[in-house]
Structures are given as C-alpha cells and as structure tokens.
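Please look at the sequence and the model before reading on.

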Amino acid sequence: MAYTLGLDSSTQSLTGTIIDTVQHSLLASVSINFGQELPQYEAQNGYVTNEKNEFLASPLMWLDALELLLVKFQKQGVDLSRIQSIAGTAQQHATVYLNASFPSLLAGLSDSAALSSSLSSQIAPALSRELSPIWMDQTTQQECAEISHEVGAQALHRSTGSLATARFSGPQIRKFSKTQPEAYANTASIHMASSFLCSVLAGKLAPLDLTDASGMNLLDLSTGTWNQQVLDATAADLAEKLPELSASTKPVGSIARYFCDTYGFLPSTTILPWSGDNPASLVGMGGTNQPRLIISLGTSYTVFASMTEPNIDPQGYGHVFANPLGGYMALNCFTNGALTNDTLREAHQLDWAEFNHYAQQPPTEIQPDLNPFVIDEITPPRAANAQLRECSDQPAETIRQVLDHTFLNIKQQSSWIPLPEDTIYVTGGASRSSGICQTIANVFNRKVQLLQSPDSASLGAAMLAAHATGLADIETLSNKLIQRSETYYSPQPESATIYEAFLSR
Ligand code: XUL
C-alpha cells in the first residue's frame, strides 16, 4: 500500500484527496469549508471585504483548516502513515507577507516543543501583514498602470504571459510597498498561498513552483526566471524577498515533525512544491497528456488548455502559465461564475431544479446589449449590473439571457485558445446543471462531456505527488482516476445557429 495526498486550498475551502498509487484508485477525500467550519475568521465565503473594496483572507485560517482536515481524515480511519508524498495547490495570485522570524518559526515545527500549540499560533508572529490579498481583489489598477508604463505593456505581456493584471501578485506587492512602506520594509519574504502552505508542511522555506510563479506578472516565462527589470519596476529589493523557483515535480524535503507527532505521518513523507489551482486542475482533468479544452465552472469560471509554446492572447485578457509537467497552459478567468447562478436563484427564490429548468430552455432572440455580470467582471473589465440582484417579473427570460451572454462572452474571449474539433470538457459545481452544459454545447457548437473529477485540483496534486516520487505515472493514473461521464451534450443545431449569428453580428 502506498498513498499520496493532494491538498487544494481554494477560495472557499480546503480539500484533501488521497489516492492509492498501487491500485490506482481514490481512497478518501474530505473538505473543510472556511466560512462554515472556521466562523471565527468571519469569512463566510473564505474572504473578507472592506470599504475600499479589497478582498482579503487570513493565512492563519488556511492553517487552521489544514489541521481540521487532517483530523477529519483520522476520524474517517485513514492511516496517514501510509502517505508517502504530499503535493498541494492553492488559489492563484494570493500573496503572504512574512517577517524575518518565519524561517526559525518553521524550523520550530520540527522541535518536540512544537506539539504544545496549534500551527496557526506558532506561525502567527511571522506575518508582517495580517491578511493576504486574494485573486478577487481588483484594487491595483493604478499600480498596473505604473508597472506597464515603466516596463512597456507589450514587453511585460510577452515576457510574463499577461498584461499587468490587477489580481496578480506583482501589482499587489507594489500596492503594499506604496501604501504600507514600513510593513513592506519589515517583510523579509513574500510567498504565494501555495509556497507558504508548502513551507509550513516542510518546516522550512519552500520554493515557489513555476506554475504559480507565472501568476505574478514577474516571471519571464520562456526562461523560467524572475524578470529583473519587472522586479525593479514593481517594488524595492523585491528579488531578495521572493522565494526560489522550482519545477513542480522536484521534492522540497520531508514533512515537519509536528505533523508526524500530531497526525501520525512518517518522518520520511516527501513534500513536493505546491502549484496553482488551475495548473493542478489541468493535471486532474487529464489535460496534460492530451490536448483538451476544459471549462471549469467553479467560484470563477475558467477556460484552460495545455500549449506547447507560450503564445499570448492578442486581446490581452488571457494568461499563459507554466504547465506542471512541462510546456505551458492558456487560461482565461471570468469572475462571474457560480455566484451569478446563486444570485439569480436567490433574487427569484428558485431552487436548483427550477433554475435548471429555465437554463434548459432554448434561446429565442438574444437581447443585443445585456450586461450579464452580477459582480465586476475582469474578462473583459466591466462593472456589475446591479439590476440582476433584484427580482425581475420574467425570471425565465432573465436567466436565459444572462446564461446566453455569459457563455457568448466566454467563447468570444477564448478565441485565442485552440478549440478542439470534437469535444470540450467541463467540470466544477455548475457542471451538475444540464441546462448550463447544454448551453455550452450550443454556444461552442461542440459536444460537451463531463469529466468526473469533482475535486480536480486536489486530485491533480495527488497525481503529481505520485508521479514526482516515482510511485505511478500520470498516464496510468489519468486513465484509471479520471472518469468521463456516460452522457454528453450534443449541440442543438437551431440554438447553435442563433448563437453563431449573434456572434458574427
Ligand atoms: C486564475 C484565478 C482564479 C483563482 C481561483 O487566474 O484568478 O481561477 O486561481 O482559485
């Protein structure tokens, strides 16, 4: 018996997936919802907002969730000593700011005295900024303009794979260095959520993997090294504060003793670097060994596919990241995802079945300029339409039009990502709605198939851990662990024609 564990610290929850690398099967999976299980952080959806419209989350909440998750596995009777390696993923772009005490506090996790208190209370003194800005934060437009001005918008785009992007770490770091210069000066190291959590598991400073580093607007993609000109344009002394860079598959070391003494891991458990959640999902959806276009219908909707070259989006909203298994991946992120459906349901007091019923209706005439965004959108940048939060007298019509415009926008913005001839794959919570899947089939004029990897990011991490430590290869794991749905949705010609005519206008 040999297991690997994949952890996914996403916006709203922490999920752990354990796979048996001999049987190539799923052993156990548990999740901790931050809002429900850690109410003391007052982050109902995993983040807090303030009057400045910043989106922030507590790194200590993520650590408390990690402990709750390991306890949950133990309660399920999982023998954690069978886990040979652990990899993880986290929501992309979030940055964690740490003072000079971080390395010694990490080392303390391997002392026997570490047992006496929780992870969060041991690491708390290392934070030089209490809350981390997360990917939903859009408050760095000014910093984006400054960095673009200094480096040149196109040069930045070509080198880092993205135009200056408000949620990306570089502009966020710049804003922190400008608005809180003392706290910035007191910051010895800046980690991403991924490398921060990995450091705690390993009990030492962990490197940042190239997939998550690509979400910073700081990495030169083609060389896989920091772009010094961009670092200089971002913040003072940045090079010395950033983690080392690493391939996703190069082991960091073994697990900190705290986890052995508290949860029964073996000291030989190997820790792998953590990656970004979208790159890990690419692995967990079988997109690294076959060219697949995947639409992930989660908190945000994302469209992604692997790529051999770092080709950039000519429209400028898309992103290129490193692929955990080499090469690159294309990604478009839409802020209006699951929340849009929930808002419409709540406004019209509908349950899921009723919402789905409306979503199944074919399109009629598409209203030319409806704004379908319930929160501010980033692809393309557009302010929210407040009216959608109110109950309309025609729920069927409203839901149809919002879904049409949402997916027409997604198709239009994703035209730089190669669209396969035959099938596109969907995953994530909203893929349970047959109406949404049918809408995607009609808008893209392609078959839509569900990949049944409900937790594709944590599964992808568990697969990466197995691959990197030689326990199983990705091909075999993909074939055994990633199930395609029996059913698929075929485009309905009449509807597809309506969408095509609309887009060509
Ligand atoms: C990707 C992005 C989101 C987060 C969500 O660029 O911002 O998908 O990774 O976890």
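The model is predicted: local features need pLDDT of at least 70, side-chain atom pairs count only at pLDDT 80 or more, and totals for chains, interfaces and linings use all residues. Residues are numbered from 1 along each chain as its sequence is written, and side-chain values use heavy atoms, with hydrogens and water left out.

**The ligand site**

The shell around the ligand consists of Q91, Q92, H93, W135, R167, D277, N278, S300, T302, L331 and C333. By class, the shell has 3 nonpolar, 6 polar and 2 charged residues. Here Ala, Val, Leu, Ile, Met, Phe, Trp, Tyr, Cys and Pro count as nonpolar, Asp, Glu, Lys and Arg as charged, and the others, Gly among them, as polar.

Domain 1 (3–278) and domain 2 (286–452 + 473–505) each give at least three residues to the shell; the domain bounds come from an automatic or database domain assignment.

| Side chain | Ligand atom | Distance |
|---|---|---|
| H93 | oxygen | 2.7 Å |
| R167 | oxygen | 2.8 Å |
| D277 | oxygen | 2.3 Å |

On its own the ligand has 290 Å² of accessible area, and the protein covers 96% of it. Such areas come from the Shrake-Rupley method with a 1.4 Å probe. The elements that supply two or more residues to the shell are α14 (277–284) and β20 (328–334). Helices (H or I, at least four residues) and strands (E, at least two) are DSSP runs, numbered from the N terminus.

**The second largest pocket**

Pockets and cavities are found on a 1 Å grid over the protein atoms alone: a cavity is a set of points where a 1.4 Å probe fits but cannot get out, and a pocket is an open set with protein on both sides within 12 Å along at least five of seven lines. Lining residues have an atom within 4 Å of a point. Grid points are joined across faces, edges and corners, and a volume is the space filled by probe spheres set on the points.

The volume of the second largest pocket is about 340 Å³. It is lined by 19 residues, of which A164, T165, A166, I378 and P381 are the closest to its centre. The lining holds 8 nonpolar, 7 polar and 4 charged residues. At least two residues come from each of α5 (141–151), β21 (377–378) and β22 (381–382), and α5 gives the most, with 4 residues. Because domain 1 (3–278) and domain 2 (286–452 + 473–505) both give residues to the lining, this pocket lies between them.

**The cavity**

How many cavities of 30 Å³ or more does a search of the whole structure find? The search finds 1. The largest cavity has a volume of about 40 Å³. Its lining includes A359, Q360, R400, G435 and Y499. α18 (434–444) and α16 (352–360) each supply at least two lining residues, and α18 gives the most, with 4 residues.

**Backbone geometry**

The peptide bond from T379 to P380 is cis, with omega near 0°. P380 lies in the loop between β21 and β22. N53 is not a glycine, yet has a positive phi of about 65°. The loop that holds N53 runs between β4 (48–49) and β5 (55–57).

Technical notes
A residue is near a molecule or strand if one of its heavy atoms lies within 4 Å of it. A polar contact is a pair of N or O atoms within 3.5 Å; within protein, one must be able to donate a hydrogen and the other to accept it, and residues adjacent in sequence count only if both atoms are side-chain atoms.
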